[in-house]
Amino acid sequence: MQILAQYEPDENWHRAVAQLKKLEYQPNAPRSLSYNVAQLLTVHSQKATGYWKFLASQAKFLPDPIRAVVCRQANCSNSIRSRRTLHTPWIWPVPFKWQRLSEQTQVMSKLKSWQKPISFSFNNQLNGHIYQSTDKRTTVLELDDYMQMQIIKGNHLGTVKALQNYCGQLRPRTLARGVLWSCDDWAALTFEGEVREIWRVLR
């Protein structure tokens, strides 16, 4: 975590990678080190194929959210893939793609047609915007020109029973109002068995 915190200034990413690689050689090094190296290299358009292939070979030992990302980057066996969510009962209004939003012309055109975005800056290091559709059903969080999260709200998003068909390992968490069901890189907030909100984090 300390290494990743140091990575926050963009110019230090290569230093973070070097420190993570050094830790990889320690006895019983966790697989999360390789995962973080692969993510940093991929974000900066560097070759990470070897890391993704290694993680794919270890997929059955990875937590569900990390396994989902790994299997999108490299080929996992059918038995491993079958544990992932392949389809969902809702459609994301904005396509998920790890590419600068400013380079996605159609996406930016759509976001600009929504309400005026809320801009923010944290210590002049973390900058972003929150976009919300005119009908307030969809919200997009952007950090440093990359979409990080998308939220859908409303009715007709499915039921808890239907969620079982899209994820083999749903994890419930009871809240003050409703239940939050998480799977891979998305989560569904339900009230009385009906899905009311869907959150997805892009990794």
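Author: Let us begin with burial: a residue is buried under 20% relative accessible area, exposed over 50%, and partly exposed in between, using a 1.4 Å probe and protein chains only. The model is predicted, so local features need pLDDT of at least 70 and side-chain atom pairs count only at pLDDT 80 or more, while totals for chains, interfaces and linings use all residues. Residues are numbered from 1 along each chain as its sequence is written, and side-chain values use heavy atoms, with hydrogens and water left out.

Reader: Is W186 buried or exposed?

Author: W186 has 5% relative accessibility and therefore counts as buried. W90 is also buried, at 6%.

Reader: How is a pair of aromatic rings described?

Author: One gives the distance of the centres and the angle of the planes. Rings of Phe, Tyr and Trp (its six-membered ring) pair if their centres lie within 6.5 Å; planes under 30 degrees apart are stacked, over 60 edge-to-face, and the rest tilted. In the whole structure, a search finds four aromatic pairs. In one of them, the ring centres of Y35 and W52 are 6.1 Å apart and the planes stand at 85°, so this pair is edge-to-face.

Reader: Where do Y35 and W52 lie?

Author: Helices (H or I, at least four residues) and strands (E, at least two) are DSSP runs, numbered from the N terminus. Y35 belongs to helix 3 (residues 31–43) and W52 to helix 4 (residues 49–57), so the pair ties together parts 17 residues apart in sequence. Both Y35 and W52 are buried.

Reader: How are the rings of W90 and W186 arranged?

Author: Their centres are 5.0 Å apart and their planes are at 80°, so this pair too is edge-to-face. It links distant parts of the chain, 96 residues apart: W90 is in the loop between helix 6 (78–81) and helix 7 (105–112), and W186 is in strand 7 (residues 186–191). One aromatic cluster is formed by W90, W92, F96 and W186.

Reader: Which charged residue sits over the ring of F96?

Author: A charge sits over a ring if NZ of Lys or CZ of Arg is within 6 Å of the ring centre and within 35 degrees of the ring normal. Here the charged end of R200 is over the ring of F96, 4.0 Å from its centre.

Reader: What is a salt bridge?

Author: Side chains of opposite charge can pair when their charged atoms come close. The criterion is a side-chain nitrogen of Lys or Arg within 4 Å of a carboxyl oxygen of Asp or Glu. This structure holds one salt bridge, in which the side chains of D145 and R100 meet (3.8 Å, N to O). D145 is in the loop between strand 3 and strand 4 (146–153) and R100 in the loop between helix 6 and helix 7, so the pair ties together parts 45 residues apart in sequence. D145 counts as buried at 18% relative accessibility, whereas R100, at 34%, is partly exposed.

Reader: How many bridges join strand 1 to strand 2?

Author: Two strands pair if DSSP finds at least two bridges between them. Strand 1 (residues 118–122) and strand 2 (residues 126–132) run antiparallel and are joined by five bridges; F120 has G128 in strand 2 as its bridge partner. Strand 2 also runs antiparallel to strand 3 (residues 138–143), again with five bridges.
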